[in-house]
Amino acid sequence: MWKYLVIDDFLDKEVYDKLVNNIKDYKLQDNEEIHRKFLTSDPTPQVNWLFAKKNFPRHRPYSQLKKMIHYAVTKENFTHPLHDEASFKIMSAIIYLHPEKNVGTILRHKEKEIEVEWKPNRLMVFCGLEDITWHYYKTTEARYTYNYFLVNPTEIENKELKKHVID
């Protein structure tokens, strides 16, 4: 299995509650499967320390390192298909926010699958590798997450997405 970290109760209660309160009342529109609310600043600089050589000695090469941070709300009874992390993502950190119970993220290596179970304030982090970091997720209820990515902006081809890169 490729390397990943899981840290429970990652954020202190005040920061975690603020993140939850910023998004938990969002209701998906009828035609929405996933809603992303991008942030223009970093309310969680403590995530950055995770990107250290001791934690992830192997990651994709990059020429610049910036951030892309957003909340994601995914509809209930949904499966996001199996995928590799986008090539511009150097580190992916997901914090489960709301509800109390749901399905986590499933990591796949060859034929082996491991679920990073859902638990509010649980952080799951991994780095994109030159190998493939296959993963997917499912929902039983609407899923609210905080997604923090270290990105190489020179690799982002989508102009709309590129607008959400921050320092």
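Modeller: A residue counts as buried under 20% relative accessible area, as exposed over 50%, and as partly exposed in between. The structure under discussion is a predicted model.

Colleague: Is Leu5 buried, partly exposed or exposed?

Modeller: Leu5 belongs to strand S1. Its relative accessibility is 21%. The limit for buried is under 20% and that for exposed is over 50%, so Leu5 counts as partly exposed.

Colleague: How far apart in space are Leu5 and His164, C-alpha to C-alpha?

Modeller: In sequence, 159 residues separate Leu5 from His164. In space, the distance between their C-alpha atoms is 25 Å.

Colleague: Which residue forms a salt bridge with Asp8?

Modeller: Asp8 lies in the loop between strand S1 (4–7) and helix H1 (13–23). Its partner is 114 residues away, in the loop between S7 and S8, and the pair thus links distant parts of the chain. The closest N and O atoms are 2.5 Å apart, within the 4 Å cut-off for a salt bridge. The partner is Arg122.

Colleague: What is the N to O distance in the salt bridge between Asp17 and Lys13?

Modeller: Both residues lie in helix H1, four residues apart, which is about one turn of the helix. Asp17 is partly exposed at 27% relative accessible area, whereas Lys13 is exposed at 59%. Their side chains meet with an N to O distance of 2.7 Å.

Colleague: Are Glu85 and Lys89 buried or exposed?

Modeller: Glu85 and Lys89 form a salt bridge, with their closest N and O atoms 3.9 Å apart. Buried requires a relative accessible area under 20%. Both residues are buried.

Colleague: What is the volume of the largest pocket?

Modeller: The lining of the largest pocket comprises 24 residues, and the closest to its centre are Arg36, Lys89, Tyr137, Asn147 and Phe149. Among the elements that give two or more residues to the lining are strand S2 (34–38), strand S5 (89–98) and strand S10 (143–151). The volume is about 400 Å³.

Colleague: How many charged residues does the lining of the largest pocket have?

Modeller: Eleven residues of the lining are nonpolar and nine are polar. The number of charged residues is four.

Colleague: Which residue in S9 is the bridge partner of His80?

Modeller: S4 and S9 run antiparallel and are joined by three bridges. In S9, the partner of His80 is Tyr137.

How values were computed. Residues are numbered from 1 along each chain as its sequence is written. This is a predicted model: local features need pLDDT of at least 70, side-chain atom pairs count only at pLDDT 80 or more; totals for chains, interfaces and linings use all residues. Side-chain values use heavy atoms; hydrogens and water are left out. On a 1 Å grid over the protein atoms alone, a cavity is a set of points where a 1.4 Å probe fits but cannot get out, and a pocket is an open set with protein on both sides within 12 Å along at least five of seven lines; lining residues have an atom within 4 Å of a point. Grid points are joined across faces, edges and corners, and a volume is the space filled by probe spheres set on the points. Ala, Val, Leu, Ile, Met, Phe, Trp, Tyr, Cys and Pro count as nonpolar, Asp, Glu, Lys and Arg as charged, and the others, Gly among them, as polar. Two strands pair if DSSP finds at least two bridges between them. Buried means under 20% relative accessible area, exposed over 50%, partly exposed in between (1.4 Å probe, protein chains only).
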